[in-house]
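Let us walk through this structure together, one interface at a time. Keep the viewer open and follow along.

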Amino acid sequence: MQPLRSHESYLAFLGHRLSGLALAVFLPFHFLALGLALEGAERLDGFLAFAELPLVKVAEWGLVTLLTLHLCFGIRVLALEFLRWPFPSDPRLRWIFPGAAAAFVVGLVFFVQIA
Amino acid sequence: MTETLTVRIWRGKAEGRFESYEVPARANQTVLDVVTEVQRSLEPALAYRFACRVGVCGSCAMTVNGRPRWTCRTHVRRLGGEGTLTLEPLRNLPHIKDLVSDLTPFFEKWHKAGGRFAGTAGRQDPPQRVDPQSASRLAASAAIECINCAVCYSACDVVAWDQDYLGPAALNRAWTLVNDARHGAREETLDRAFAAGGCASCHSQGNCTRHCPVELSPSQSIAGLKRSTLFGPPKVGEPG
């Protein structure tokens with residue numbers, strides 16, 4: 001990463017943007033799976049069996065982690081834009097690490113449940 | 001034996017090359033001192049820009065080891081870099097020659113954002129009273145000391161992606177005027193800041209605030225403009 005961008009605020013932007021893009025890629029597949037339910041139990045059951053594969057479970061874990069990360073960093077952006085700033089030079093930097101930690105913990109809980 | 005500093009300097013315009021120079025490493029030397037030494041001793045044709053040398057005029061900014069900085073107040077020994085400096089012109093601006101960027105687009109956007117003060121009183125009128133502790137004046141004062149060095153403009157990735165984006169300095173200026181009770185075109189300035197390429201294009205990356213040499217927070221000013229899109233312009237003159 002260029003020295004210009006090696007700071008917390010930019011990393012939070014990257015995390016928020018990339019997790020958002022990943023979720024945007026996921027959503028059509030999510031709706032496709034929901035749509036299968038309308039086409040009969042057999043096709044849905046087939047998809048659900050596919051969703052039990054270990055690789056898909058790992059992908060689900062990534063999805064849950066990214067969703068939490070996107071939520072936490074999105075809340076930070078809303079706070080930046082709607083609330084008064086505590087210090088002019090501090091764009092809520094102290095929200096970034098807890099947000100990343102929350103994503104890790106939620107991902108860990110999910111992983112323990114599926115393991 | 002005198003220790004030396006290796007300086008890699010961009011020569012040319014958009015097309016060009018780095019050339020290396022060796023200058024004595026001194027106990028107290030700024031990056032601007034180094035550039036001046038190169039020009040006076042080694043490369044008389046080297047083009048660079050400076051005026052005050054004390055961090056007031058904002059004219060000596062360039063890219064130092066990958067970051068935009070004001071070179072007159074940047075001490076070489078604080079940069080690390082193990083005896084090597086890499087100097088380039090500011091990015092996001094046309095290059096004129098060597099270390100000199102053309103700041104015309106920067107100032108054009110400053111005006112496009114409604115940055116010109118429009119007075120409402122004449123010279124015969126008494127001075128307008130401004131409460132220095134009012135919320136609007138405090139907001140304006142927090143952002144007013146911009147020296148227009150274009151470091152934030154050069155640091156901003158959105159400027160790099162979107163040539164219509166007004167940039168942090170222009171929007172910071174707009175925010176000071178929107179909060180200035182004496183400005184006669186507050187609504188117009190706000191409209192310009194909301195228009196395409198204005199505050200809504202900011203992605204809150206924070207490169208501007210991170211690199212501002214006078215420690216202003218254009219991010220905060222842009223956030224203030226964004227808030228005004230929903231809640232209306234700040235009320236001037238109310239207690240802070």
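Two residues are in contact here when they have heavy atoms within 4.5 Å. By that rule, 17 residues of chain A are in contact with 24 residues of chain B. A word on the ground rules: this is a predicted model, in which local features need pLDDT of at least 70 and side-chain atom pairs count only at pLDDT 80 or more, while totals for chains, interfaces and linings use all residues. Residues are numbered from 1 along each chain as its sequence is written, chains are lettered from A and ligands numbered from 1 in the order in which they are written, and side-chain values use heavy atoms, with hydrogens and water left out.

Let us begin with the two chains. The area buried between chain A and chain B (the accessible area, with a 1.4 Å probe, that two parts lose on being put together, summed over both) is about 1,900 Å², and carbon and sulfur atoms give 56% of that. On the chain A side, Leu4(A), Glu81(A) and Trp85(A) lose the most area to chain B, together 32% of what that side buries.

Charged pairs come next. Three salt bridges (a side-chain nitrogen of Lys or Arg within 4 Å of a carboxyl oxygen of Asp or Glu) are found across the interface of chain A and chain B. Arg210(B) forms a salt bridge with Glu8(A), with 3.7 Å between the closest N and O atoms. Helix H1 (8-38) and helix H3 (54-82) of chain A each supply at least two residues of the side that touches chain B; helices here are DSSP runs of H or I with at least four residues, strands are runs of E with at least two, and both are numbered from the N terminus. The largest share of that side, five residues, comes from H1(A).

Now turn to chain B on its own. An automatic or database domain assignment sets the domain bounds, and chain B is divided into domain 1 (4-101) and domain 2 (104-231). The C-alpha centres of these two domains of chain B lie 29 Å apart. Their contact takes 15 residues from domain 1 of chain B and 17 residues from domain 2 of chain B. Between them, the two domains of chain B bury about 1,200 Å², 60% of it on carbon and sulfur atoms.

How many salt bridges are counted between domain 1 and domain 2 of chain B? The count is one. Elsewhere in the list of charged pairs, the side chains of Asp157(B) and Arg91(B) meet in a salt bridge at 2.7 Å, N to O.
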